[in-house]
Amino acid sequence: MLLNMGPQHPSTHGVFRVVVRTDGELVLESESHIGYLHRCFEKCAEGNNYLQVVPYTDRMDYLCAMMNNWGYAAAVEDLAGIEVPERAEYIRVIVAELNRVASHLLAFGTYGLDIGAITPFLYAFRDRERILKIFEKLCGQRLNYSYVRVGGVTFDMTDEILADIEAFCDYFDPKILDEYDNLLSYNGIFISRTSNVGVIPAELAVSYGVTGPSLRGSGVQRDLRRDAPYGIYDRLEFDVPVGSGEMGQLGDCWDRYMVRMREMRQSIRLVRQAVKDIPEGPFCDKKAYRAVKPKAGEVYKRVEGARGEVGFYVVSDGTNIPYRVKARAPSFCNISILDKLTSLSNVMLADLVAIIGSLDIVLGEVDR
Amino acid sequence: MARLEIGQIIAVIKEKLPEAVVEEILDGVDPFVVVKAEQWGETAQLCRDDSRLGFDLLSCISGVDYPEREEGPEIEVIYHLDSTVNHHGITIKVKLPRSDPRVASVEEIWRTADWHERETYDLVGVIFEGHHNLVRILCAEDWVGHPLRKDYEPPDSFHGIKNVIY
Amino acid sequence: MNEIENRNPDPLTKNVIFMSAIDDVINATRANSVWPLTFGLACCAIEMMATGAAKYDLDRFGSGPFRGTPRQSDLMIVAGTVTHKMAPRVKRLYDQMPEPKYVIAMGGCVIRGGPYVKHGYHVVKGVDLLIPVDVYIPGCPPRPEALLEGLFKVQKLMKREKILDRTRRTTKPEVYQPV
C-alpha cells in the first residue's frame, strides 16, 4: 500500500512528506519530498545588503539561530577583513552554546513526544523557557535573534545577564543526570523503541554528508569546533561525545539521542569557561556599524551548528549587496539518508517516526 | 594519513591527472582550483579514492550564474570537499557555458550529491549527466524557470494565486 | 423537572432554573473547548508549541488538545510561511474541517509574506489569498502571549455564532480553488 505521510503530519517536525510503500506494518521503501517550506533565502540574500541578510539566516534554522548568524557573519568578516573584538568572540561562544542547549532540549522533548512520552516535552520546555528568557533580556527576541552580526554582536552582555547565565548553568547541570536520564534515556520502553532501530553505519553516514550529532552517533569523531576551530574554541576545553553502541548496535537512534544529551553537558562546560574568562572591551567592530563593502572574492565558512555543519558560501562582486549566498544546511543532508535507511532494512512504520525524530531535522533549514 | 596543504593537494591531483586542473587561484580569501568540465568525473573519483587526499565528505554543491563574464556567459558549479580522516578541504570549480550547462553527476561517488545536484538543477538549471532522477526538489513540480539565474523574473501568479502584490 | 431538582444537591441553586438562549449555551461550550489543528509550518510553530507547553499552558483557557487531523478540529492556526507548493494542501485541510471553523493567521509571513514579500518568489503573500481568516496575529514570530490574545479573540467570535445561520462562511468565489 502506498501511504502518504505529511506534509501535514504531527511527527514529521514540519512540512516534510514521505511517501512510503508498506506491507502491513512494514515499510518496504520510502521516498522523501521536500520543498514545502522553500522560502527563497538565497534569492532574498541577493536583494539585500550584507547586514540585512542576517535576519534571513535566523529563519533558516530557527531553533539554533545564533549559529546560523555566526556562520554568515564569520563568512562576511573573512571576506571583508573585519576583526572581531575579543569580547564579542566570548559572547558568541556563550550564546551559541546556550542556543545549542535550547535546541537539543527541544529535540529531546519532541523526540519523547514522537515515541509516545508526553512528560519529557513539558520538562524540556520548562528549562528551554529559562534560556529564552536570558536571550530575551539580551536581545529582545525569543526565537529569531539576529544577535550575532557582522563585526561582533548587536548588544553588550551585562553583568546581570552573566549572573543569570551562571545561575542557569548551576540549575541545569544536575538536571541532565537526575531528571532527563531517569525520565527518558534509560527508560526501558524508550530503549526498546530506539535501540537497534535506524542503524547508520559510519561510512554510509559520511557518504551521505551527515554531520553533527547524527554523524557522531555513528562513532565518527568529527566536530568542527575541534577539527577546524573558529572563534575562540581552540582556547576552551571540551570533549566530543560519540556514540558507543551501549544499548544495541553502533549508530542506532538511541546513540544519536544520547550524543545530544551528552553534548548539552559539554555546552554547559563551555559556557562556564567563557563566562569566567570574558574580557572587557568593545562588543562590535566600528567599521561594520553602518555598511559592509567587501572586495570582490568568495569564501566558504563553516561552523558547527546544533544539527551539523552550517556552511555559507558568499560571493562578492565589490558592491554592498552579495552576488550570491549559498547556504549549506545540515538538515538537508541529514534527512537525505532516510530513503536509504528504509531500503537497507525493513523498518516498521512506527520506527520511521523514531528515525525522523532522531535525525532532528528543521524544515526551515531543509528547504531554506 | 596527514593533513595536506592546498599546494600539496593540487600536486597530487596533477600527478594523476595532469590535464585536469586548468586554473588555480591561491591568493584569495579561499583558494580554489578550476577543473576541466570533461574531466570532473575522474577528478572526483580520484579525490575520494586516493588515500593521501581522502575527500570522503562532499560538503556543498553551489551553482553561480555569471551572465556578464568577459569570456562569455558562464555558470560555475562549486564543490566543497572535506576529509573526515585527514581534516583538510578543497574548493573545486567547474566552469560551464551558460547556454548549455552540462557536467557529470557525482552521485555515485558521494551519495549526498543526489539531493545537492537536484537542488542546483532546480535553482540554477545545471544539468547533471548520469543523475538517476534529475527533477525539481525545492520548487513545485510545475514551476517554470530557474530562480537563481540572474535574469529570472518571478511569475505574476501561480495556479491562480497572485504572486506579486506590491 | 422533578428529576433535575432531585439530582441537584446544592441548596442554593436547588430550585433555580436558568433560562438562556440555545445559541448562548452552544456557543459557550464551543468557545471553551477549542480544538486547534496542529498545523505548524515554520518558526511560528515553535512558539505555538511553547504556548501549549509548560509555562504558557494553553489548557488554562479552554483550548489545547492539538489534533492531528482536520476532521476533529475547529480552529486552524496557520503558523509559518505558506509556499506555493504547500498552498493546495492548506486549502484542502481547511475544506476538510467541519463547520463552524475559524482560522488564525499567525505571524508576518502568513499575513502578507513577511520578510519574503519582495524577493520570495515561492512564498504565498498572505494565507487570506487562499482561505478566509478571522484573526491576524502580527510578529515574527509572535510571542505566546500574543497567540493567547488571538485565541481570546476567536473565542469572542465563537460566542457571536448563530446556529440557524449556516451561510456565514461559504467560501467566496474569488478565493482560490485548487486545480
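**Exercise 1. State how many helices and strands chain B contains, and in which order they run.**

Solution. Chain B holds three helices and nine strands, where helices (H or I, at least four residues) and strands (E, at least two) are DSSP runs numbered from the N terminus. Read from the N terminus, the order of elements is α-β-β-α-β-β-β-β-α-β-β-β. The structure is a predicted model, in which local features need pLDDT of at least 70 and side-chain atom pairs count only at pLDDT 80 or more, while totals for chains, interfaces and linings use all residues. Residues are numbered from 1 along each chain as its sequence is written, chains are lettered from A and ligands numbered from 1 in the order in which they are written, and side-chain values use heavy atoms, with hydrogens and water left out. The term pLDDT denotes the predictor's confidence in each residue, from 0 to 100.

The C-alpha atoms of chain B fill a box of roughly 60 × 35 × 25 Å along the principal axes. Of the 166 residues in chain B, 55% are buried; buried means under 20% relative accessible area, exposed over 50%, and partly exposed in between (1.4 Å probe, protein chains only). Among contacts in chain B with a separation of 6 or more, 49% join residues 24 or more positions apart, a contact being heavy atoms within 4.5 Å.

**Exercise 2. Determine where Ser83(B) is placed and which residues it contacts beyond four places in sequence.**

Solution. Step one is the location: Ser83(B) sits in the loop between strand 4 (74-82) and strand 5 (89-97) of chain B. Step two is the accessibility: Ser83(B) has a relative accessible area of 1% and is therefore classed as buried. Step three concerns the side chain, from which a polar atom lies 2.9 Å from the backbone oxygen of Gly54(B). The side chain of Ser83(B) also reaches the backbone nitrogen of Val85(B) at 3.3 Å. Both distances fall under the polar contact rule (a pair of N or O atoms within 3.5 Å; within protein, one must be able to donate a hydrogen and the other to accept it, and residues adjacent in sequence count only if both atoms are side-chain atoms). Finally, with neighbours within four places in sequence set aside, the contacts of Ser83(B) are Leu53(B), Gly54(B), Phe55(B), Asp56(B) and His88(B).

**Exercise 3. Examine the salt bridges of Lys93(B) and Arg368(A).**

Solution. A salt bridge is a side-chain nitrogen of Lys or Arg within 4 Å of a carboxyl oxygen of Asp or Glu. Over all chains, 58 are found. Lys93(B) pairs with Glu76(B) at 3.0 Å, N to O. Lys93(B) belongs to strand 5 of chain B and Glu76(B) to strand 4 of chain B, so the pair ties together parts 17 residues apart in sequence. Both Lys93(B) and Glu76(B) are buried.

For Arg368(A), the partner is Glu119(B), with the closest N and O atoms 3.1 Å apart. This pair crosses between chains, from the segment after helix 15 (363-367) of chain A to helix 3 (residues 113-123) of chain B. Arg368(A) is buried at 4% relative accessibility, and Glu119(B) is buried at 2%.

**Exercise 4. Describe the interface of chain A and chain C by its contacts, buried area and polar pairs.**

Solution. Contacts first: 35 residues of chain A touch 34 residues of chain C. The buried area is about 3,000 Å², of which carbon and sulfur atoms give 64%; this quantity is the accessible area (1.4 Å probe) that two parts lose on being put together, summed over both. In chain A, the residues that lose the most area to chain C are Gln8(A), Tyr36(A) and Arg39(A), together 21% of what that side buries.

Next come the specific pairs. There are two salt bridges between chain A and chain C, one of them joining Glu47(C) and Arg142(A) with the closest N and O atoms 2.7 Å apart. The interface also has 11 residue pairs in polar contact (both at pLDDT 80 or more). Helix 5 of chain A supplies the largest share of the side that touches chain C, eight residues.

**Exercise 5. Describe the interface of chain C and chain B in the corresponding terms.**

Solution. Here 15 residues of chain C are in contact with 18 residues of chain B. The buried area is about 1,300 Å², with carbon and sulfur atoms giving 69%. Zero salt bridges are found across this interface, and two residue pairs are in polar contact (both at pLDDT 80 or more).
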